[in-house]
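Dear colleague,

Here is the structure I promised to pass on to you. Please look through it first, and then read my notes below.

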Amino acid sequence: MADLTHLKQRLSNITSVHEITEAMQIISTILIGRAQKLLLYRRKTQPYFERLILSIDPSTVNIHKAIKNEWVIIFFSEKGFVSSFNQQLLPLIIKHRNNPNIIVIGEKGKRYCERLKIPYKYFFHGATSVPKESIIEPIFQILKEEKFPWKTTIIMNTYSNMFKQKPSILELFPTTETDIYKPTQAITDIDQLILDELIIEKFVRDRLYYFFIQNYTGEIGSKLLVMKNAVDNSEKLKADIKRDIYIARQTAITQELSEVVSAYKVLQSREAK
Amino acid sequence: MTNIGKIVQVIGPIIDVKFAPDQIPDIRNALEIYFKDIKTGETKKIIAEIALQTEGNIVKAVSLLPTEGLARGMDVIDTGKPLEIPVGRECLGRLFNPWGEVIDGGAPINGVEFYPVRRQAPKFEDLAFEDQIYETGIKAIDLLSPYVKGGKTGLFGGAGVGKTVIIMEMIHNMAKHHGGISIFAGVGERTREGNDLWLEMKETGVIDKTILLFGQMGDLPGSRLIVAQSALAQAEYFRDVAKQDVLFFIDNIFRFVQAGSEISTLLGRIPSAVGYQPTLDIEMGRLEERIASTKNGFITSIQAVYVPADDFTDPAAAITFSHLDSVTVLSRKIVEMGIYPAIDPLASSSRILNPDLVGEDHYSTAMAVKKMIQRYTELQDIIAILGISELPEEDRITVIRARKVRNFLSQPFHVAEQFTGMQGKFVRIEDTIKGFQRILQGEFDDVPEQNFLMKGTIDEVTK
């Protein structure tokens, strides 16, 4: 029989954890609603941007393709309690560990890279709330300075739904050229080359923002799932401990009653003698 | 002239006998009753021990044998002396019942000295202490609750957690690595286990240095109550007369308390806490005080203690704790994980786990192991709720290493070879310490935790 005080203390601790996880679950539910809405909107606009990049002059594209430096941007979660959200990325990262141009996004990623001794060139925090467009600015500036290297790999969890985030390797720019190239038909005073650059910039900004939103939604989705499981687990644990408490209490009561009754019986039999 | 009384009442194992007013025998005197069995026509003998004197020249005696066939008015012979058992070298290799009869089917023992079953504890000035480790070859014990040479050790655990297996393994290891005389008292346990032990000892050739006494489950409480005392009388002979060190095993001391409780109720005493006898302290104290090392020789005792309903606050378990130098606690939770021996590292302790006695290396390793497992235990609720992956890095490493430490505390036993299919291992203390130190330092962080299960030395983990 376990100690009643110890059991009560455990129950109190688990109840506290239960309350916290339940609150976190509610918050995650609210946040994921907002994030999913934004993600849905951005998903709809993505194909237009892809078509836009394919409409620019191939010679402009070739300038960027000529840059030999390969860049890798890795998206991790900013905070914990996300189950295997970060860990499932690790096998994809390992093969890039010798790349000198790694940008790590998310606090947890920084820790993972330090633990696995993966050198990174830049680190930026991820979104702690539904991301704003300005969040991409520092990374955009780095890529701009590097003249938008065409070979820029993105490693992140792509968001399918709340229960599924698939670890993926993506490319910042389209990898295959198609025959849908059409020079810009609009009449403008702007030089074609400058116009192409503007399109590329717009494309990169939008694409990076899309990744941020996707990563944030995935992080919140994972967190929601973890919290839901935690709430379920703590409820089960609470039920188990409550049962143990009832057993311990009932045993103590039975013990005490039987002692009182047996002592009374003995005294009664003596008196009778 | 023989002092003869008459049976006036028989209630279960309690026989009330009336003597002449001037011939009332002393408490603890042995009584003998001879009668003819109605069915078989054979003459039967019953031995009883006087426990109480009451009004009307009546004594209440506790029978050591079943009282079927007794009738009021039958003659009862007062032997004029307490129960005695044969002691000495001639008893080595033999099996006895609690009142000294040979039960191994061999020839009776003649021409030997007899000792009373109930004797006084040694005098204070004769006692001797030596704070030296008694190496058992069992990693978990040697590291966390080292046994004291000439000391008393308790193996606590609920039903079926492996107390008897550990005792049998220690008897095996003692025979191989220590030598010396050992005495085993089977108190209220399974007769089958006693038989297993006897056969095992005969096979390994240890039997020639051992005396076994059994008062098992099916025996009357009187028999179970005195078997430990009879065995102790044997041990005292070797300590005091032969001046030899003795290993003394009791399996199970709780049954001694239980037998006392049964008798107490039958004698009409008011039960004390949890229904135990009001004389629990003194009964246990008298027995435990006799298990002592003197200037003549050491009695190193290892006692299995059954813990009813796994409740360590039970008075029988609690009273035993206070007499011991080392405590090894077996846990049902660890049994459920399939880790054998199921020793609870946090609940087990030893008086000599002190840097001045066991050395700094041993002490610091044992403390580090306990600290790590303590932290792991604290985190278990959180792990159950959130999972191990959500722990901070430092705690995650602690948990991973603690699990390896926990698994490495398991060990294959020689006496369990037929069940585990693994060869038993005797691990030296220095190898045990080295092994745990290397795990704690993180040398095996990359090795899966399953590799640490049922291993002897640490070198076997990487094989």
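Leaving aside neighbours within four places in sequence, B:Ile166 is in contact (heavy atoms within 4.5 Å) with B:Ile138, B:Ile141, B:Leu155, B:Leu330, B:Pro341, B:Ile343 and B:Phe413. This is a predicted model, in which local features need pLDDT of at least 70 and side-chain atom pairs count only at pLDDT 80 or more, while totals for chains, interfaces and linings use all residues. Residues are numbered from 1 along each chain as its sequence is written, chains are lettered from A and ligands numbered from 1 in the order in which they are written, and side-chain values use heavy atoms, with hydrogens and water left out.

B:Ile166 and B:Leu212 touch the most other members of the largest nonpolar core, which has 64 residues. Such a core is a set of buried Ala, Val, Leu, Ile, Met, Phe, Trp, Tyr and Cys residues joined through side-chain atoms within 4.5 Å, where buried means under 20% relative accessible area (1.4 Å probe, protein chains only). A second, separate core of 59 residues includes B:Val62, B:Ile211, B:Ile319 and B:Leu324.

Turning to the interface, 25 residues of chain A are in contact with 19 residues of chain B. Between chain A and chain B the rule finds two salt bridges, each being a side-chain nitrogen of Lys or Arg within 4 Å of a carboxyl oxygen of Asp or Glu. B:Glu393 forms a salt bridge with A:Arg115, and their closest N and O atoms are 2.9 Å apart.

Best wishes

Technical notes: Buried < 20%, exposed > 50% of the residue type's maximum accessible area, 1.4 Å probe, protein only.
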